[in-house]
Amino acid sequence: MPTIYLHIGTPKTGTTALQNFLPVNEEILNKHGICYPDLGFRYPGVGVHRNAHFLVTTCYKDEQGNRMFSKEQEDYKKGIEQLKEIGKKFSTIILSDEGIWRQSILDRNHFWETLKKDLDEAGFDLKIIVYFRRQDLFVQSHWAQKIKEGAQYDFHQYLTLPVFLNYPLDYYSYMRHLADIVGKDSLILRVFEKQQFRGENHTIQEDFLDIFGLKMEDGFVVEQAVYNTSFEGDYLEMKKILNHLPEFKNNRNFLISSMKKIQDQKLFEENYKKVTFFEEGEQQQFMERFDESNSKLAREFFGREDGRLFYDDIKDYPVYKIDPEQLLVDTILVYGQVINSLNQKCEECRHTIEYLSKEVEKQKKKMEEIEKTALLFRIRRKWRHITGQDKKIKV
């Protein structure tokens, strides 16, 4: 019986990195009987490598707020049928989409029961892969992602909004729910901490391959080590302010690219110190609300008698405060990067225009030669007709 390994995040645990890593290594995966299929479904705002997204598309609404069912239910059925065909060739199929983590619990009734039933009927065994990130780190990264996507609220406002309050961060309750449906043995649980990753270099790619008994040394490559990088303090502040302008929200990819280039260069190291967005003492208090859940998860699902799920301690980072001088420096640098990018594009356009202008002149000359040749041909033919030279001489 073929097995589907469904990777559901959680979000902000290197999911994008894995979703780009697997297609790049398609050939070596196939040699080991593993397939990370592209089922052909495309959804606005969803990465093309999130190949499990068709499972939860009915969770979305259209622009008028109406549920979208017909096409998405059709995608779900088509997807299951495609998996049946793939299962005839491969014993292991990997699907991945971090959106399942939230949508399957909050936005659909009986999602997991229905999926388990449908996959059973299709002849598949189901395994679910989950990575857990410490909740205080998750919410800061998740808020930063929302700012990148166009949100305008600050961090503490975010902590009072449904976008956070409705997010399933009680890891034990979630896993207990899944275990009751698919069975505890069907859950593959990992912790998103470098020191807990398997592999020589302790990377998310190495840890994920370990699930399938594979190693990077088996021929796997990482084309790009970092995907979907987060902004740091000043850049989040700039983006949050600019999000009030619709044109920046609509063209955020261009802006984000320029901001990332400057952030990655770290021209002024004092502007890039690690910070926390929690107030002093607030981060520890925030984590205390998850102590019981995390401890139960560690004991029951990881077999850890000490009840410790996360090994990294809360770092004593300074609370982020806006420093007007640093913010001004970063703003000027980003502005300069944008101008440089625009100037580079203008130069590229200028060279293209010059090249095309030369090509147009060449074509004009060719056309003139053709016209001259055609004119001479017509004159000669006319002359032969007038002189009778085009008539055959009879003997």
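Analyst: A residue is called buried when its relative accessible area is under 20%, and exposed when that area is over 50%. The structure above is a predicted model.

User: Where in the chain do Phe21 and Phe220 lie, and how are their rings arranged?

Analyst: Two aromatic rings form a pair if their centres lie within 6.5 Å. The structure holds 25 aromatic pairs. In one of them, Phe21 and Phe220 are 6.0 Å apart from centre to centre, with 35° between the planes, and the pair is tilted. Phe21 belongs to helix H1 (residues 15-24), while Phe220 lies in the loop between helix H10 (204-210) and helix H11 (233-242). The two residues are 199 residues apart, and their pair links distant parts of the chain.

User: Which strands pair with S4, and why is S4 described as largely enclosed?

Analyst: Strand S1 (residues 3-7) is joined to S4 by five bridges in the parallel sense, and Leu6 stands opposite Ile128 in S4. S4 is also parallel to strand S5 (residues 187-191), again with five bridges. Between these two strands, Phe132 has Val191 in S5 as its bridge partner. S4 (residues 125-132) is largely enclosed by the rest of the structure because seven of its eight residues are buried.

User: How is the packing of two helices described, and what are the values for H9 and H15?

Analyst: Two packed helices are described by the angle between their axes and the distance between the axes. Here, H9 (171-182) and helix H15 (residues 291-302) pack at an angle of about 40°, with their axes 7 Å apart. The two helices are therefore oblique to each other. H9 contributes Tyr171, Tyr172, Met175, Arg176 and Ala179 to the contact, and H15 contributes Ser293, Asn294, Lys296, Leu297, Glu300 and Phe301. By class, six of the contact residues are nonpolar, two are polar and three are charged.

User: Is Asn294 buried or exposed, and which residues does Asn294 contact?

Analyst: Asn294, a residue of helix H15, has a relative accessible area of 6% and is therefore buried. Leaving aside neighbours within four places in sequence, Asn294 is in contact with Gln135, Tyr171, Met287, Gly307, Leu309 and Phe310. The C-alpha atoms of Asn294 and Leu309 are separated by 6.0 Å, although these residues are 15 residues apart along the chain.

User: What does Val139 touch?

Analyst: Val139 lies in helix H6 (residues 135-148). With a relative accessible area of 0%, Val139 is buried. Not counting residues up to four places away in sequence, Val139 touches Phe155, Tyr158, Phe164, Leu169, Phe278 and Phe286. One aromatic cluster is formed by Trp143, Tyr153, Phe155, Tyr158, Phe164, Phe277, Phe278, Phe286, Phe290 and Tyr320.

User: Which residues have a positive phi without being glycine, and where is there a cis peptide bond?

Analyst: Most residues other than glycine have a negative phi, and most peptide bonds are trans. Lys12 has a positive phi of about 65°, and His202 has a positive phi near 55°. Lys12 is found in the loop between S1 and H1 and is buried, with a relative accessible area of 14%. His202 lies in the loop between S5 and H10 and counts as partly exposed, at 32% relative accessibility. The cis peptide bond joins Gly9 and Thr10, with omega about 10°; Thr10 lies in the loop between S1 and H1.

How values were computed
Residues are numbered from 1 along each chain as its sequence is written. This is a predicted model: local features need pLDDT of at least 70, side-chain atom pairs count only at pLDDT 80 or more; totals for chains, interfaces and linings use all residues. Side-chain values use heavy atoms; hydrogens and water are left out. Buried means under 20% relative accessible area, exposed over 50%, partly exposed in between (1.4 Å probe, protein chains only). Helices (H or I, at least four residues) and strands (E, at least two) are DSSP runs, numbered from the N terminus. Two strands pair if DSSP finds at least two bridges between them. Contact means heavy atoms within 4.5 Å. Axes are lines fitted to C-alpha atoms, for helices over the stretch in contact, and angles run from 0 to 180 degrees between N-to-C directions. Angles under 35 degrees count as roughly parallel, over 145 as roughly antiparallel, 65 to 115 as roughly perpendicular and the rest as oblique. Ala, Val, Leu, Ile, Met, Phe, Trp, Tyr, Cys and Pro count as nonpolar, Asp, Glu, Lys and Arg as charged, and the others, Gly among them, as polar. Rings of Phe, Tyr and Trp (its six-membered ring) pair if their centres lie within 6.5 Å; planes under 30 degrees apart count as stacked, over 60 as edge-to-face and the rest as tilted.
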